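Visitor: I have a structure open and have not looked at it before. Can you walk me through some of it?

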Amino acid sequence: MRRQLLKVVATAVLAAVSCCCAADGDWLVGVGSFDMTGPAAEVNMMGYANMDQSAAGIHFRLRARTFIVAKSVDGPRIAFVNLDAGMASQLVTIKLLERLKASLTYLSKLKPRHFIQRFGNLYTEENVAISGIHTHAGPGGYLQYLVYSITSLGFVQQSFDAIVNAIEQSIVQAHGSLKPGFILINKGEVENAGINRSPSAYLMNPPEERARYPTNVDTEMSLVKVVEGGSGVSLGAFSWFPTHGTSMSRDNKLISGDNKGAAARFFEDWVAASNRSTRATSSNKSDILELMKKAETIKATGGKRCSKTSSQSSKVRKNDGSLFVGAFCQSNVGDVTPNVLGAFCTDSGKPCDFNRSSCHGSDLLCVGRGPGFPDEILSTKIIGERQFLKAVDLFTTATERLTGEIDFRHVYLNFTDIEVELGGDNVVKTCPAALGPGFAAGTTDGPGVFGFQQGDTQINKLWKKLRDSLRKPSEFQVGCQKPKTVLLDTGEMFEPYAWAPAILPIQILRLGKLIILSVPGEFTTMAGRRLREAVKETLISNGNGEFDDDTHVVIAGLTNAYSQYVATSEEYEQQRYEAASTLYGPHTLSAYIQEFKKLAIAIAKGEKIAKPIVSPPDLSSVQLRFVSDPFIESPPNGVNFGDIQQDIKLPKVGWFKRGSKQKPTARFWSANPRFDLLTEGTYAVVERLEKRRWTPVYDDDDFSLVFKWALDNNTFTNSLATIEWDIPIDANPGVYRLRHFGSSKSAINSTNIYFTGASSAFAVF
């Protein structure tokens with residue numbers, strides 16, 4: 001399907017990548033990207049809350065992608081960062097902003113030392129948005145509230161640092177590349193990339209409201225195209241579309257950006273391929289025999305020492321600031337699953353119970369199926385491609401230009417105690433955070449704990465005793481959260497530190513008539529629709545003609561902080577997973593709408609907003625940390641790090657066929673990848689022999705190449721690195737080999753040791 005589309009749009013590529021417009025541009029624009037891949041071994045993944053799901057390799061790398069738009073060099077600006085992570089983190093935001101503002105020390109020949117402020121107040125909590133794509137296949141341990149770090153065994157500094165560093169570097173890169181340019185916007189429908197996983201809850205919404213929409217999920221993708229003004233070269237594209245990052249299952253142990261990360265990789269590679277001439281070649285029988293003979297003479301290299309930068313030198317995509325940046329951002333994703341075939345009972349194959357998403361009373365047996373079922377990597381690819389193909393369509397046909405003001409508003413709110421005016425004298429309040437039994441049931445994307453079902457409003461005596469041993473909810477909390485029964489009273493639990501957030505950020509970013517609503521959670525489909533409509537109506541009615549029906553409002557989900565779900569008050573009545581995870585009670589959505597309308601009025605009238613005197617805590621000093629450092633390894637006697645443990649096994653024909661199920665696989669003696677994340681480098685490379693030189697052609701940032709880590713089953717103390725290559729149909733015929741890079745620590749002085757090794761060669765046709 002992708003190859004067919006590439007042929008169709010081939011004639012449009014030059015127009016799309018090099019826009020014909022020669023104007024300098026309306027604004028200053030810049031993009032940036034940086035590797036944020038965290039520890040690929042022994043760290044629990046964030047998303048499914050599955051204690052058994054700890055990282056053991058990399059499917060493809062995670063990145064932070066940023067675009068900045070500024071009115072002038074020192075003028076108003078916004079920075080939007082898209083993370084290949086489960087969600088944003090309040091602590092990540094706090095520490096990132098400290099770094100951006102921090103003074104840098106410059107040494108000179110003259111004393112004293114010189115200090116300059118890095119960015120000052122150019123980038124603050126007001127105008128920086130940090131948004132997660134909601135992959136469930138990234139390392140956890142980077143959020144500061146206890147309930148989100150239980151399965152990761154506390155805070156994981158290495159995970160946290162990888163994310164903060166990547167955001168910082170992507171912003172620095174985007175800032176450094178600012179140049180006159182402009183933004184084009186386009187929108188269109190994405191087919192079959194998400195369905196509603198809680199359709200019975202959606203039906204609780206008023207019939208007249210549901211009648212206004214053709215489906216029970218939002219299918220529109222909104223895309224902005226960032227273009228350099230002078231040359232017309234496209235620098236990047238950012239799109240918003242809701243579908244969960246759960247194509248990879250709760251049993252997966254490979255780091256992955258899931259379907260949105262895959263879409264980004266496909267999009268960026270498509271643009272890169274459009275800028276160069278690349279075409280797979282064919283071979284005749286004599287070519288095959290010649291290449292087979294050549295491959296037979298090239299044996300495994302054995303392990304050798306190398307430098308820290310060797311893996312970076314073997315990286316296929318060098319991050320020198322010139323690369324196109326394509327990001328697929330999250331939206332009101334709360335009840336949208338990419339497992340579009342539906343949910344079925346694993347024992348009978350029949351559809352699950354409609355209201356409960358269970359089978360014979362068990363939540364564990366009801367599991368959603370992706371389009372590539374039972375192959376989760378294929379499902380990830382298909383859902384990623386569906387988003388990628390629509391993005392290409394919108395990218396190549398975008399003509400509408402954004403102009404006008406750049407503006408932003410931001411406020412922190414204590415969501416545990418907001419008075420909400422519902423009309424007339426009807427004033428209600430939000431509640432301290434709490435989770436209901438439907439939360440424990442999980443979803444069809446990832447079933448939860450046995451004994452719970454979605455829709456439960458009662459808990460048994462055993463669970464009540466366990467709950468009360470942690471914290472018995474107050475009478476106020478019990479009444480405030482109804483009809484939710486409190487299973488975990490997280491908002492009233494503060495030992496050893498806060499279990500759930502109380503103070504949250506909300507934010508509006510404006511680029512002309514594009515309005516981005518930064519929300520710190522997962523809004524359901526209808527909740528998102530209500531918020532968008534309320535903000536748009538407020539802008540139009542208060543903007544003195546500046547806003548109209550063409551004003552386009554998008555929701556950026558899981559942004560700046562994380563506070564789980566936001567369901568409508570009607571959906572809250574049924575207490576499925578999303579409602580049971582709506583922390584602040586039945587009026588949570590109404591509180592969001594009320595407070596966002598205040599920001600919208602301020603945007604429309606050009607007014608500042610009164611800031612409540614609240615700010616989120618920095619809990620970094622009190623974090624529990626139970627993930628131990630990796631133990632220092634030595635390879636078996638007579639073996640070097642990087643030596644082959646199991647070499648390539650050739651098929652009977654003596655060569656590998658492109659696009660077949662036969663995968664070249666090699667296993668190397670290695671060390672724990674936590675010794676060095678090889679940031680902007682790679683643990684795995686496919687090299688192609690070109691004349692007498694080995695050239696890297698694929699690495700562990702490619703969808704087709706997988707790096708797996710495990711301990712040797714015989715010693716249980718030695719690491720093994722397995723590299724598998726799913727040969728693309730468009731790979732060029734030739735002689736190839738697999739190379740591994742790794743790092744360990746010296747037992748003598750604890751300094752890092754870097755090593756590499758390559759497999760025997762093999763022929764591909």
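**Cores, helices and loops**

Guide: The largest nonpolar core has 114 residues, and those with the most contacts inside it are I167, F596 and W725. Keep in mind that this is a predicted model.

Visitor: Which helix gives the largest share of this core?

Guide: Helix α17, residues 588-605, with nine residues.

Visitor: What else is there by way of a core?

Guide: A second, separate core has 26 residues, and A129, F238, W240 and L511 are among them.

Visitor: Back to I167. What is I167 in contact with, leaving aside its neighbours within four places in sequence?

Guide: With that exclusion, I167 is in contact with A64, V81, L83, V92, L96 and I130.

Visitor: Now helices. At what angle do the axes of α3 and α4 cross?

Guide: Roughly 45°, and the axes come within 10 Å. Helix α3 covers residues 90-101 and helix α4 covers residues 157-176. The angle makes α3 oblique to α4. The crossing of α3 past α4 is right-handed.

Visitor: Which residues make the contact?

Guide: From α3 they are L91, V92, K95, L96, R99 and L100, and from α4 they are F160, I163, V164, N165, I167, E168 and I171. The contact of α3 with α4 divides into nine nonpolar, one polar and three charged residues.

Visitor: How far apart are the axes of α7 and α10?

Guide: Their axes are 8 Å apart, and the helices pack at an angle of about 45°. α7 and α10 are therefore oblique to each other, and their crossing is right-handed.

Visitor: Which residues of α7 meet α10?

Guide: D258, N259, K260, A262, A263, F266, F267 and W270. On the α10 side, the residues they meet include T380, I383, F388 and F395. By class, the contact of α7 with α10 has ten nonpolar, five polar and four charged residues.

Visitor: What does D700 touch, not counting residues up to four places away in sequence?

Guide: D700 touches I58, H59, F60, R61, K315, G681, T682, Y683, A684 and L705. Y683 is 17 residues from D700 along the chain, and their C-alpha atoms are separated by 6.5 Å.

Visitor: Different topic. What kind of peptide bond joins K482 and P483?

Guide: A cis bond, with omega about 10°. P483 is in the loop between α13 (475-481) and β23 (503-511). The peptide bond from E495 to P496 is cis, with omega near -5°. P496 lies in the loop between α13 and β23.

Visitor: What is phi of N560?

Guide: Near 75°, a positive value in a residue other than glycine. N560 is found in the loop between β26 (552-556) and β27 (565-566), and counts as buried at 3% relative accessibility.

Visitor: And phi of E680?

Guide: Near 55°, a positive value in a residue other than glycine. E680 lies in the loop between β29 (665-670) and β30 (684-690). E680 is buried, with a relative accessible area of 12%.

Methods: Residues numbered from 1 in each chain as written. Predicted model: local features only at pLDDT ≥ 70, side-chain atom pairs only at ≥ 80, totals over all residues. Heavy atoms only, no water. Axes fitted to C-alpha atoms, helices over the stretch in contact; angles between N-to-C directions. Helix = DSSP H or I, 4+ residues; strand = E, 2+ residues; numbered from the N terminus. Parallel < 35°, antiparallel > 145°, perpendicular 65-115°, else oblique. Left-handed = near helix turned anticlockwise from the far one by under 90°. Contact = heavy atoms within 4.5 Å. Nonpolar A, V, L, I, M, F, W, Y, C, P; charged D, E, K, R; others polar. Core = buried A, V, L, I, M, F, W, Y, C linked by side-chain atoms within 4.5 Å. Buried < 20%, exposed > 50% of the residue type's maximum accessible area, 1.4 Å probe, protein only.
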